Structures are given as structure tokens and as C-alpha cells.
Amino acid sequence: TVVVADTGDLDAIRKLKPVDCTTNPSLILKALQSPAYADLVEREIEAGKAAGRSPLEIADALTVGVGAELSTLVPGRVSTEVDANLSFDVDAAAAKARALIAAYEARGVGRDRILIKLASTWEGIRAAEILQGEGIDCNLTLLFSLAQAVACADAGVFLISPFVGRITDWYKKAEGVDGYTPDDDPGVKSVRSIYDYYKSNGIDTVVMGASFRNTDQIKALAGCDRLTISPALLEELAADETDLPRQLSADSATGVAPIEMDENS
Ligand code: E4P
């Protein structure tokens with residue numbers, strides 16, 4: 001399992017040493033509150049004003065600025081999200097992805113270091129299919145079902161991010177329960193079914209479990225290709241004394257031994 005940090009926080013990345021990191025607009029906004037990004041914020045706002053850029057264009061420049069900083073700290077990929085309001089427009093989503101990649105390349109960050117994050121809507125998957133054909137690797141996020149996962153595999157996307165926590169949150173609400181054991185957790189079961197389908201059908205698309213609420217969900221998915229985990233949960237895992245969490249712990253830059261998932265899961 002490759003450990004991925006779900007954050008734009010530079011200090012957390014330095015400390016936890018993930019292989020990849022994933023961001024989204026909320027994480028970018030949170031990260032930008034840090035003094036570590038003060039210079040970037042000042043620079044981009046001043047440059048944006050001077051060039052007559054719109055607030056959205058300045059926000060995009062900041063997003064890429066954060067991603068470029070992150071790319072200097074992780075050996076692998078940085079996931080950068082295309083605006084959610086483009087999730088139902090194939091051409092606009094693809095155009096935005098190309099613009100983000102061009103902005104990264106202008107900063108000297110190659111497309112091989114970036115994953116373009118798109119919602120797993122029908123249109124998002126079609127946009128990803130086009131982008132993959134242009135050599136732009138995509139991370140299909142907001143993925144809640146096997147049907148979406150199969151459509152992503154058919155489209156040849158590089159990576160999917162099936163969500164755990166959000167599925168479980170909805171089931172908890174619908175079923176009026178406080179929680180589940182890891183093996184009964186609906187979010188965990190969803191990711192396992194996708195992983196098993198992919199592996200038993202020889203699908204290359206990488207499965208990266210996301211949206212975790214607790215370390216039990218993470219441990220239940222050890223063996224998945226990648227897991228993107230918040231710094232808080234990575235810290236909890238690193239503090240755990242059992243063997244499995246240590247393998248999923250912060251010391252991931254040196255590589256994490258693959259753990260076979262239960263074939264029957
Ligand atoms: C990762 O790529 C996702 O953006 C993230 O894990 C979403 O988690 P959430 O359900 O806590 O928003």
C-alpha cells in the first residue's frame with residue numbers, strides 16, 4: 001500500500017513523508033491560511049491584480065502554486081482538483097485540466113508529477129478519457145459505487161478515489177446506527193468490492209481509498225493500492241503499536257510492503 005497524505009500542509013508533508021499527496025479546494029483554502037504560504041499568496045494576488053486577473057484566475061494560480069510547493073516535497077504525484085461546477089461539462093472540465101497542467105509546466109512541474117482530479121460523473125469520466133488520451137493522468141474522485149468504478153476502468157483512467165467515510169456517514173444516518181465493525185462498514189465494503197473486481201478482471205487503474213473517518217477503516221483496507229489519509233489519522237496510525245499500522249505509518253517514502261487483501265472480502 002502506497003501511503004498518500006490528504007493535505008496541502010507543507011509541515012505535515014515534511015513530517016509524514018507520504019509518497020503522493022491529494023488536495024481539494026477545502027484543503028487548499030485551509031493550507032493557504034498557514035504562514036508558510038504567505039509569500040505565495042501575496043505574490044499571486046499582486047501579480048493577479050497587475051495583470052487584471054479575475055478572483056477565480058487568482059485562486060487557480062494559488063492552487064497550482066500550492067501544488068508546485070507540494071511537488072517539491074513528495075516523490076510521487078500531487079492531485080489537483082478541477083472545479084466542481086464543471087463536473088457536468090466535458091469540454092469545460094477538459095479545458096480546465098489542460099490549463100492547470102499548462103500552469104504547472106510553466107512552473108517547471110511536469111505532467112508526470114500531477115494527477116488531475118475530476119468528479120466521477122458521467123461527464124467527468126468522459127473528460128478523463130479524453131485527457132488520458134493526451135497524456136494527462138487523472139484521479140477520479142467522488143466515487144461511491146462499483147458502477148462508477150467500472151465506467152472509470154472502461155475509460156482507461158489512471159486512478160480512482162473510492163470514498164469510504166461519506167458512504168458510511170450516509171448509511172449511519174439511514175440506518176440510525178452509531179457505527180459499524182470494520183468488516184460491516186458500508187464504505188469499507190464498497191472499496192473492497194471495487195478492488196476485488198479490478199484485480200479479478202486484470203484492470204490496471206489504481207485504487208486509492210479516500211475519505212476516511214477512523215483508523216479502523218484504514219486498517220480494514222490495508223493492501224489496497226493506495227490510501228489517501230489525513231495527517232491527523234496518519235499520526236494516529238504512527239502512534240499505534242501493532243505491526244499493520246506501522247507499515248502504513250509515516251515512514252512511507254522508503255516504500256510500504258504490499259499487504260494482500262483477503263480474497264473473500
Ligand atoms: C480525497 O481525495 C478526498 O478529497 C477526501 O478524502 C475527501 O474526504 P471527505 O469525505 O472527508 O471530504
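1. Strand 3 (residues 78-81) and strand 4 are paired in parallel through four bridges; strands count as paired if DSSP finds at least two bridges between them. L115 of strand 4 is the bridge partner of S79. Between strand 3 and strand 4 the chain passes through helix 5 (residues 90-106), a right-handed β-α-β crossover. Helices (H or I, at least four residues) and strands (E, at least two) are DSSP runs, numbered from the N terminus.

2. The model is predicted: local features need pLDDT of at least 70, side-chain atom pairs count only at pLDDT 80 or more, and totals for chains, interfaces and linings use all residues. Residues are numbered from 1 along each chain as its sequence is written.

3. Strand 4 (residues 114-119) has six of its six residues buried, that is, with 20 or more other C-beta atoms, placed from the backbone, within 10 Å of the residue's own. I114, I116 and L118 point one way, and L115, K117 and A119 point the other way. In a regular strand, side chains alternate between the two faces of the sheet.

4. Strand 4 also runs parallel to strand 5 (residues 138-143), joined by four bridges, with I116 opposite C138. Together with helix 6 (residues 122-133), these strands form a right-handed β-α-β unit, right-handed meaning that, with the strands pointing away from the viewer, the path from the first strand over the helix to the second runs clockwise.

Note on methods. Buried ≥ 20, exposed ≤ 12 C-beta atoms within 10 Å, placed from the backbone.
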